[in-house]
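Work through these exercises with the model open beside you. Try each task before you read its solution.

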Amino acid sequence: MILRHLFTPLNNTRLSHLCGPTDEHLRTIALALDVRIAHRHEQFKVEGPKLRAQRAMDLLQALYEIAAKPIAPATLQLMLSGDGSAVDSDGPTLATRRADLKPRSQNQALYLDNIAEFDITFGIGPAGTGKTYLAVAAAVDALQRSAVQRIILTRPAVEAGERLGFLPGDLNQKVDPYLRPLYDALYDLMGYEQVHKAFERQALEIAPLAFMRGRTLNNAFVILDEAQNTTPEQMKMFLTRVGFGTKTVITGDISQIDLPKAQLSGLVEAERILRRVPGIAITRLNSADIVRHPLVARIVDAYDAARLEDLPTLAVPEPDPELPRVSLPKTRSPKVR
């Protein structure tokens, strides 16, 4: 299908911002949606399959409306992510430092709704779907509204396929590399000074999962990140820490398990056991919810497809071959005297 559109009224500044430096934005859209885009001044032509061509044209129109100032590549990538309704997805408004924070897909909106409604929520999906970031944002919002007294962030200290050996420094310095993604989200959502003030008044705690044993967590917002690297025993231990007035979010990506091959993931087992338990929500995110570079979604899909191809096919067992019948020689019974 070929779609044509004439942007009126003509505004050369908006057209320049829409196309980007040397038409960079147009090339990004064409690559992400697998269409061809051509333009001459304010006349644009999109060629490709019907649905993708229509989405590309709708996206161009949306970009033209916000093109009074230069469009950042990150903004374009966020608008490209999701199923086309990502930009207008409804979801709860969160009180954080990021005024523009909102769900970018229907699944992300459902994820935030589940966090608000249920005491225990699982967020399972590939990298870049906002599992951890949105959970931390919901925790910061709850702390700002005094719905909880503290935020507790934890994750298992498991290396991603590497052996780092003994790390130098005290306990905090040893575990900081494992918890760095959580710090990054906090700094972005609260600001550097606010984060350190929260640590000082003990309203914020970040600790390895091993430190959770024996504790009862009341009036807190607890997030277990990288839960795919927990063992079944660790997952059960963590889930039984939940106290009164506590919200718990467990996030993980079952396609990136760093445990030994013979070790079952606690997240996989928990999803199977708890999927029908009342009061627990399980939100599944997929490559359409990725809010990073459009290539990340393609990489995830490619790996998933390769993994399915590598799965062994179930062979139908062949019937046992029929053995030839061998007649035994007749024997006479000895006479009894």
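**Exercise 1: A buried threonine**

A polar contact of 2.6 Å links the side chains of T132 and D225. Such a contact is a pair of N or O atoms within 3.5 Å; within protein, one must be able to donate a hydrogen and the other to accept it, and residues adjacent in sequence count only if both atoms are side-chain atoms. The model is predicted: local features need pLDDT of at least 70, side-chain atom pairs count only at pLDDT 80 or more, and totals for chains, interfaces and linings use all residues. Residues are numbered from 1 along each chain as its sequence is written, and side-chain values use heavy atoms, with hydrogens and water left out.

Solution. 
- Step 1. Helices (H or I, at least four residues) and strands (E, at least two) are DSSP runs, numbered from the N terminus.
- Step 2. Buried means under 20% relative accessible area, exposed over 50%, and partly exposed in between (1.4 Å probe, protein chains only).
- Step 3. Beyond residues up to four places away in sequence, T132 touches L182, D225 and T251. Contact means heavy atoms within 4.5 Å.

**Exercise 2: An arginine in a strand**

Task: Find the strand that holds R155, and name the side chain that R155 meets in a polar contact.

Solution. 
- Step 1. R155 belongs to strand β5, residues 150-155.
- Step 2. R155 has 9% relative accessibility, so R155 counts as buried.
- Step 3. The side chains of R155 and E226 make a polar contact of 3.2 Å.
- Step 4. Set aside neighbours within four places in sequence. The contacts of R155 then include L182, L224, D225 and E226. D225 is also the polar partner of T132.

**Exercise 3: Two packed helices**

Task: Describe how α1 and α2 pack, and list the residues that meet.

Solution. 
- Step 1. Helix α1 covers residues 12-19 and helix α2 covers residues 24-33. Their axes are 5 Å apart, at an angle of about 45 degrees. Axes are lines fitted to C-alpha atoms, for helices over the stretch in contact, and angles run from 0 to 180 degrees between N-to-C directions.
- Step 2. The two helices are therefore oblique to each other. Angles under 35 degrees count as roughly parallel, over 145 as roughly antiparallel, 65 to 115 as roughly perpendicular and the rest as oblique.
- Step 3. From α1 come H17, L18 and C19; from α2 come E24, H25 and L26.
- Step 4. Buried residues of α1 are L15, H17, L18 and C19. Their cover includes α2, β2 (36-40), β3 (43-47) and α3 (50-65).
- Step 5. Check the ends. At the start of α1, a side-chain oxygen of N11 comes within 3.0 Å of the backbone nitrogen of T13. G20 follows α1, with a positive phi near 80 degrees.

**Exercise 4: A valine, then the whole chain**

Task: How far apart in space are V268 and D253, C-alpha to C-alpha? Then give the make-up of the chain.

Solution. 
- Step 1. V268 lies in helix α10, residues 266-274. V268 counts as partly exposed because its relative accessibility is 32%.
- Step 2. V268 and D253 are 9.7 Å apart, C-alpha to C-alpha, and 15 residues apart in sequence.
- Step 3. The protein chain has 11 helices and 9 strands. Of its 337 residues, 41% count as buried.
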